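Subject: Structure handover

Hello,

Here is the structure I promised to pass on. Please open it first, then read the notes below beside it.

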Amino acid sequence: MKPLRKSSPPAVDRREFIKVSALAGGGLLFGAYLRFGESVAYAESAPIAETFAPNVFISIAPNGAVSIIAPNSEMGQGIKTGLPMIVAEELDVAWEDVTIVQGDLNSAYGRQASVGSGSTVGNYTPLRRAGATARAMLVAAAAQTWGVPESECTTERSAVIHAASKRRARYGDLVAKAATLTPPENAPLKDPKDFKLLGTRVPGVDNQKVVTGAPLFGIDVKLPGMLFATYTKCPVFGGKPKSANLDEVKSRLGVRDAFILDGIETLTPGVAIVADTTWNAFSATDALKVQWDEGPVAAQSSAEMARQADQLAKATPPAPLPAGAKAVEAAYHYPFLAHATLEPQNCTAVFKNGVMEMWTPTQIPASGQGLVTRGLGLAPKDVIVHITRLGGGFGRRGSNEFSIEAAAIAKRLEGTPVKLMWKREHDFGHDNYRSNGWHYFTAGLDGGGKVVALHDAFVKMQGGPGDMSAGGFPFIAIPGSQVQSSKLPPGIPTGFWRAPGDNGNVWATQCFVDELAHAAGRDPVAFTLDLISAVPAPNPAAGGRGFDPAKMTTVLKLATEKAGWGSPRPRGEGLGFAITHTNNAYVAIVADVSVTRDGQLTVKKLTAAVDAGTIINLSAAEAQVQGAMIDGIGAAWFQKVTIEHGAAAQTNFDEYPMLRMNHAPKLVEVHFIKSVAPPTGLGEPGLPAAAPAVCNAIFAATGKRVRTLPIVDMDLKWA
């Protein structure tokens, strides 16, 4: 674990970088000043012993060892390996020469937020330029050394080659010369068809540590003299403590302090307990008795929300259907969802000499820094955030309230490191949930089975993502489609849950499209392909990033072909599919399920076809899609959070089951469309279509339509 700082640090953790780089001097460091958004980069070079620029990505030692910074948070999505692969590809370095260094929070690294499936998308071009600039300087160093034109030199596996003279120089032998050169402003990038590393299978850089249980996650942080803290908030959202049995708690074994925190702008009021071990802190928390001011949210419940949603949806009826159209109506509902990360929220902090140093498993480190600076009145330069690996994120660790809680406790205990640990019940009970939602669909079919009208009265909580518009599929395929959005009163905290918005809305719309296909008496695939063909192609002049019907058609045809769509199935077995355009990726998923007569569901196989542009790491990409599909069907099958008396009724895994091995499909296939286009998002697009594919397959198997989640609450028996 990194040592404590003795004073305000430089913007980049120089000591760690130098340590890993094994440079005592004379190495070459390539810093890339990247204007993200403009995709413009240039580089500077200098002997590392003399200069260490704050925005470093690449370091090459005289012995040929290459260190590459991984700037974003790793939570299992493979970004700690994937982003350095982009640099390494353009640098043309042998992967076995590379050591990856986790970067701390630093604005010089550009986009460090690991959310929205945007880490690769946002960093792709800047990191390519960083690698290409370094490669160009090494080529120039070799050419000048040999007295040959740069154009006659090539690179391969950490070496510059001059074929005509049969000379070859390893990068390590060129660093001293390269460090004296002026970096080019626009070093040429590789043609994607020439990629050698991208698109291959590369093991995750942390795999060995993960499987051996080596210290890696935020929960593993240990510092000399460290104490352990819990922080208890009112179970009712928006409530705050009035009083507590603090003296009694302080008298318990191992407890060092207990106090109420209130009046800090970015902190929810609560009661902190600090002890010498986690066990003693948790035990004291169990003995805590608090008088709460519960506030107005105590009146909220899931049952009351459902009643209000129904009222809101009926307040504005849809426009009359075209004359002669056959009406198809259905209402869909999905519940609140918790993130249920395996590693509960935690953060370690120490406040010393006016500097708050933190070790945080966070998806948005800058957000956590902001909460601490605003809440405690510190300057950003005095709040240092070390990024640790995350034991699950899914959007939960972007809110960072654990950061300000740990920092506020650490400031009170100035000079003593404090690890804040949330109890599992606190984690479930104070999540930023996936919002619940209601869709009230009305559609019209003409005599030929064509959709001629589509209206959706949509209701969700105020705040958080998940709003609906008529700008997505299938609405864009049907002229005159309307989405009427209404909001429930605020109070229950909602936030980003994997594939925000699409995780619920795609389920509802894709299930209803399947309903429309059956109501029209048509095969759902042919029906959907006709709908897709009605969508105008993206306008290149407008950026061309809209829904591309050609790409969606390709993935749908591929997925259904691979899944054997159209083959006859006995009663109780069925195929269902769904599509999604999420984070600019195109995904089609086919589910193969069976349902016994007594209603036991088995998901036998999932087949996905995905167009996500250039694939960075094929192993990680497959894992992303496979994991997202499993996550999607697990949430739809078993999970819900209900609100009673303004608080979450489910507070642990026994009430919020995860998908178990015996429920997982035995076969999960992922087929990628080969592409040289820039990469799209991939961490989330595999999730939204999985649940509707399963629900549509259940209908094919049983004739029963799942319109309320979770599936486990529905009787699937059939005769």
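Two strands count as paired here if DSSP finds at least two bridges between them. Please also keep in mind that the model is predicted.

**The open sheet**

By that rule, four strands form an open sheet in the order β22-β23-β24-β27, and the pairing is mixed. The edges are β22 (573-582) and β27 (667-672). Each has a single partner strand, so one side of each has no neighbour in the sheet. On average, neighbouring strands are turned by 15° against each other, direction ignored.

In general, strands of a sheet pair through backbone hydrogen bonds, parallel or antiparallel. Both kinds occur in this sheet, as its pairing is mixed.

- β24 (residues 601-611) and β27 run parallel, joined by six bridges. Thr607 has Glu669 of β27 as its bridge partner.
- β22 and β23 run antiparallel, joined by ten bridges. Gly576 stands opposite Ala591 in β23.

The hairpin of β22 and β23 has two residues between the strands. There, Asn583 takes a positive phi near 50°.

Is β22 mostly covered or mostly open? It is mostly covered, with eight of its ten residues buried.

Helix α14 (residues 549-563) packs on it and touches β22, β23 (585-595), β24 and β27. The direction of α14 makes about 25° with that of β23.

**Helix α8**

How far apart are the end C-alpha atoms of α8? Helix α8 covers residues 302-315, which is 14 residues. At 1.5 Å a residue, the helix should span 20 Å. The end C-alpha atoms are 20 Å apart, which agrees.

Three residues of α8 are buried: Met305, Ala309 and Ala313. They cover an arc of only 65° around the axis, which puts them on the same side of α8. These buried residues pack against β19 (437-445), β20 (451-461), β21 (482-488) and β25 (643-644). The face turned away from the buried side carries the exposed residues Ala303, Lys314 and Ala315.

Best wishes

How values were computed
Residues are numbered from 1 along each chain as its sequence is written. This is a predicted model: local features need pLDDT of at least 70, side-chain atom pairs count only at pLDDT 80 or more; totals for chains, interfaces and linings use all residues. Side-chain values use heavy atoms; hydrogens and water are left out. The expected span of a helix is 1.5 Å times one less than its number of residues. Buried means under 20% relative accessible area, exposed over 50%, partly exposed in between (1.4 Å probe, protein chains only). The arc is that of the directions from the helix axis to the C-beta atoms. Contact means heavy atoms within 4.5 Å. Axes are lines fitted to C-alpha atoms, for helices over the stretch in contact, and angles run from 0 to 180 degrees between N-to-C directions.
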